[in-house]
Amino acid sequence: MDYSYYDEGYDIDYTEFGEDAGDDIDYGFHSGHKQDNLYSDAKPEARDFLVMDRLLQNIEACVQPSLLQVAKYVTPMLGLCLVGRLLCLLYARKRRLPPAGVSQRDANSIIVAPLHLIHATTGLILLYATLGQRLGERVGLLLILSALGYLMLQLVRVYSGRRAATSIAVLTVGSQFLYELAIWRQRSDWPQLRGVQMVVNMKLISLGFDLASGQVPRMPGPLAYLGYIYSPATCALGPWISYGRYVECLVARGKWLTTLRQLVLNMLLCLLAVAVSNCLAHALGEIASGSHLLLMYTEALGVRSSHYFVSFMAQALLVSSGQTLDGESKDSKELDERILGPLVTRPWQIEWPRSLSVLVRSWNIPMHEWLKHYIYGGFKEHNLGHTFWAVLCTYVVSSLLHGMDLRIYMVLLFLAIFAESERLLRRHLAKLFDACLAAGQCKGPDHCCFSRCPRRRGWTNSWGWLVRLTNLIFTLVAMFHLAYLGIVLLNETLNLDGSPAGELESFVWHWSEAGYLSHYVGFGMFLLYLFIS
């Protein structure tokens, strides 16, 4: 089984970068109304001039202010991460801590406590500096929710085995809905805090399972728990890291020159992503307004670029703190990891995906690891259902962690169905023709298990060209699914207690304009698989 698809990006929007972040974003159409074509009445020559003039206006009026706003916001975050890393390194040298780092058994010792204190303090200061207005009230609310999480974690002391961890997971996800009902209705800023709390919940659930399985030998003390939850590398933007990986990186041992190089590259990509999201995607959408399919793709590009912006910023914070991710080897052979450091996303595999499976796995790599290890792995380990149901339940858990948002529920549900249909069909075609048509990435000419592998047969073989053409068709279909599902995330958040009829009509307007083609293609793949299998 290829557990490739159950993943959703952070529930972190531009609203999570302060009150004023994202004010410059204007996606051009809302509430299900068609966008006017600004160039429909112009002659071809005049239209080309207007297009270029519009792009230049966007660059001058939008790109520069957006970059300055992001730079102003990111600088204190990176500064706090670097200061925390330097303080931990100085303390470790003063106390002559071993070069190998701190072991989990010593994580609660008095000599290690100052390291946890440095992480917790710098992380809380970072949140205090970035959450906008009503700073003390927001940080206080997060501390209260973290304290409730630590109380739930004590269930491991009462029960034994996986039952305790499962109880913690159920209570954590259930508490997310209680927070929605009790807090979000009363606070307009809860969507901004929701992303931070979601990362806290993921850490809490993983820590519960690791304690139950023995991977974490001792219950973290309150200070170690706060240091883990509010580590400056992950507390504001994510991503999830395990408690073991946090302890391992309490004192970062990386080279400063490598840190500087990776930090600069991630920040350049971050600025490029915010420029595309805020300015260029909308301008391209106006140009492509004559074709609804192109319009969907260019406008959905704004959604994807905002995710890349968050991810590259998170990668910069990880690099500056010296924090590594789970599933990442210290001597990684992947070129992108050597260049950029810990990877949260791979945009190059999203914009040109081999399949929906690869696309979703690359969308949010740490969350994919979390879902694979703690949710999907639990279903498969205890034989709680067929592979399809395990995948579907994993998507459900991912949806619930994102709170009460009908958009997320619908997008993830159809994403699960479409991805599983494609995987089953391509797996059967690959076996039937002994060709490299499976949804997963080819393992290379030396390791591919299919005889008709284009990378092995070269460019002169007719089978190689046919396989390449088939994989290209699946890539284009995945790109269409990406735009089709992503475009609905541009609309205002749909809440479960809103006016269902009117909101749903607005929600699916783009789908209806596309004739629900993606649904027909997705379900058609499943029917084709049933027919030929």
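How much of the accessible surface of the protein chain belongs to carbon and sulfur atoms?

1. The accessible surface of the protein chain comes to about 23,800 Å², and 63% of this belongs to carbon and sulfur atoms; such areas come from the Shrake-Rupley method with a 1.4 Å probe, and for residues only the protein chains shown count as cover. This is a predicted model, in which local features need pLDDT of at least 70 and side-chain atom pairs count only at pLDDT 80 or more, while totals for chains, interfaces and linings use all residues. Residues are numbered from 1 along each chain as its sequence is written, and side-chain values use heavy atoms, with hydrogens and water left out.

2. The secondary structure of the protein chain consists of 21 helices and zero strands, where helices (H or I, at least four residues) and strands (E, at least two) are DSSP runs numbered from the N terminus. Of the 533 residues in the protein chain, 56% are buried, a term that means under 20% relative accessible area, with exposed meaning over 50% and partly exposed in between (1.4 Å probe, protein chains only). Among contacts with a separation of 6 or more, 75% join residues 24 or more positions apart, contact being taken as heavy atoms within 4.5 Å.

3. The largest nonpolar core has 120 residues, and those with the most contacts inside it are Leu115, Leu153, Tyr243, Met313, Trp370 and Trp511; helix H10 (residues 292–321) gives the most to this core, with twelve residues. Apart from it lies another core, of 15 residues, which includes Leu429, Cys448, Phe450 and Met525. A nonpolar core here is a set of buried Ala, Val, Leu, Ile, Met, Phe, Trp, Tyr and Cys residues joined through side-chain atoms within 4.5 Å. Not counting residues up to four places away in sequence, leucine 115 touches Cys88, Tyr91, Leu97, Val102, Leu250 and Val251.

4. Because 27 of its 30 residues are buried, H10 is largely enclosed by the rest of the structure. At 1.5 Å a residue those 30 residues should span 44 Å, which agrees with the 44 Å between its end C-alpha atoms; the expected span is 1.5 Å times one less than the number of residues. Just after H10, glycine 322 takes a positive phi of about 75°.

5. Helix H15 (residues 387–401) can be read in a similar way, since its 15 residues should span 21 Å at 1.5 Å a residue and its end C-alpha atoms are 21 Å apart. Its buried residues include Thr387, Leu392, Tyr395 and Leu401, and just after H15 glycine 403 takes a positive phi of about 90°.

6. The axes of helix H13 (residues 356–363) and helix H16 (residues 406–433) come within 8 Å and cross at roughly 130°, which makes H13 oblique to H16. Axes are lines fitted to C-alpha atoms, for helices over the stretch in contact, with angles from 0 to 180 degrees between N-to-C directions; angles under 35 degrees count as roughly parallel, over 145 as roughly antiparallel, 65 to 115 as roughly perpendicular and the rest as oblique. Leu356, Ser357 and Val360 in H13 meet Leu415, Phe418, Ala419, Glu422 and Arg423 in H16.

7. Asparagine 266, in helix H9 (residues 256–287), is buried with a relative accessible area of 0%. Leaving aside neighbours within four places in sequence, asparagine 266 is in contact with Phe312, Gln315, Ala316, Val319 and Leu340.
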